[in-house]
Amino acid sequence: MIKVKGGKKHHKEIAILTAEWCILHFDLVDVAINFRLEKHKDCWGYCVEGNKEHLYNIKIATDQTLRDFVATIVHEMVHVMQWETGEWSGEGERQANRLQYKLTDKLWQEGIL
């Protein structure tokens with residue numbers, strides 16, 4: 001289940017398509033994502049665990065280029081994968097940074113966006 005609040009219609013559509021692709025790509029089962037889309041305040045994106053198991057709250061800044069917007073969503077979805085699998089080292093930022101643009105480009109190559 002993916003819920004999106006804020007942002008424009010195209011932001012919402014992109015967030016859903018990107019999250020759905022990441023869920024399939026990372027083979028995540030039974031995760032729920034709550035997106036909050038808004039203009040940049042303190043960071044481009046962040047992800048925290050929700051108050052229920054397998055629930056994640058993700059905030060994404062909408063005032064980015066399209067590629068950066070998608071890469072930020074992917075970055076935060078990598079963190080979801082890390083929490084779900086329990087596999088990461090340190091804060092998990094190294095892996096998220098390494099994968100964010102690589103997987104964003106793969107989304108375009110596969111015609112998802």
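What you're looking at is a predicted model, where local features need pLDDT of at least 70, side-chain atom pairs count only at pLDDT 80 or more, and totals for chains, interfaces and linings use all residues. Residues are numbered from 1 along each chain as its sequence is written, and side-chain values use heavy atoms, with hydrogens and water left out. The protein chain has 3 helices and 4 strands; these are DSSP runs numbered from the N terminus, with helices being H or I of at least four residues and strands being E of at least two. Going along the sequence, the pattern reads β-α-β-β-β-α-α.

**Overall build**

- The radius of gyration is 13 Å, close to the 13 Å that the globule rule gives for 113 residues, so the protein chain is as compact as a globular protein of that length. (The radius is taken over C-alpha atoms, and the rule is 2.2 Å times the number of residues to the power 0.38.)
- Along the principal axes, the C-alpha atoms fill a box of roughly 35 × 30 × 25 Å.
- Of the 113 residues, 42% count as buried, where buried means under 20% relative accessible area, exposed means over 50%, and partly exposed is in between (1.4 Å probe, protein chains only).
- Among contacts with a separation of 6 or more, 55% come from residues 24 or more positions apart; contact here means heavy atoms within 4.5 Å.

- The 4 strands make an open sheet in the order 1-2-4-3, with mixed pairing. Two strands pair if DSSP finds at least two bridges between them.
- Strand 1 (2-6) and strand 3 are the edge strands, each pairing on one side only.
- From one strand to the next, the twist averages 15°.
- Strand 2 (residues 32-38) runs parallel to strand 4, with 7 bridges between them. Within strand 4, Lys59 stands opposite Arg36, and Ala61 is the bridge partner of Glu38.
- Strand 3 (residues 45-49) pairs with strand 4 the antiparallel way, over 5 bridges. Here Tyr46 has Lys59 of strand 4 as its bridge partner.
- The hairpin of strand 3 and strand 4 has 5 residues between the strands, and His54 there takes a positive phi near 70°.
- For strand 4 (residues 55-61), 6 of the 7 residues are buried, so this strand is largely enclosed by the rest of the structure.

**Helices against the sheet**

- Helix 1 (residues 9-25) lies across strand 1 and strand 2, and runs at about 150° to strand 1. Axes are lines fitted to C-alpha atoms, for helices over the stretch in contact, and angles run from 0 to 180 degrees between N-to-C directions.
- Helix 2 (residues 66-85) packs on the sheet and touches strand 2, strand 3 and strand 4, its direction making about 160° with that of strand 4.

**The aromatic pair**

- The structure holds 1 aromatic pair. Rings of Phe, Tyr and Trp (its six-membered ring) pair if their centres lie within 6.5 Å, and planes under 30 degrees apart count as stacked, over 60 as edge-to-face and the rest as tilted.
- Tyr56 and Trp83 have ring centres 5.7 Å apart and planes at 10°, so the pair is stacked.
- Since Tyr56 sits in strand 4 and Trp83 in helix 2, the pair ties together parts that are 27 residues apart in sequence.
- Tyr56 counts as buried at 2% relative accessibility, while Trp83 counts as partly exposed at 28%.

**Two residues to look up**

- Thr62 is in the loop between strand 4 and helix 2, and its 13% relative accessibility counts as buried. Setting aside neighbours within four places in sequence, Thr62 is in contact with Gly7, His11, Leu37, Glu38, Lys39 and Phe69.
- His75 belongs to helix 2 and is buried, with a relative accessible area of 7%. Apart from neighbours within four places in sequence, His75 is in contact with Glu93, Ala96, Asn97 and Gln100.
- From C-alpha to C-alpha, His75 and Tyr46 are 8.8 Å apart in space, though 29 residues apart in sequence.
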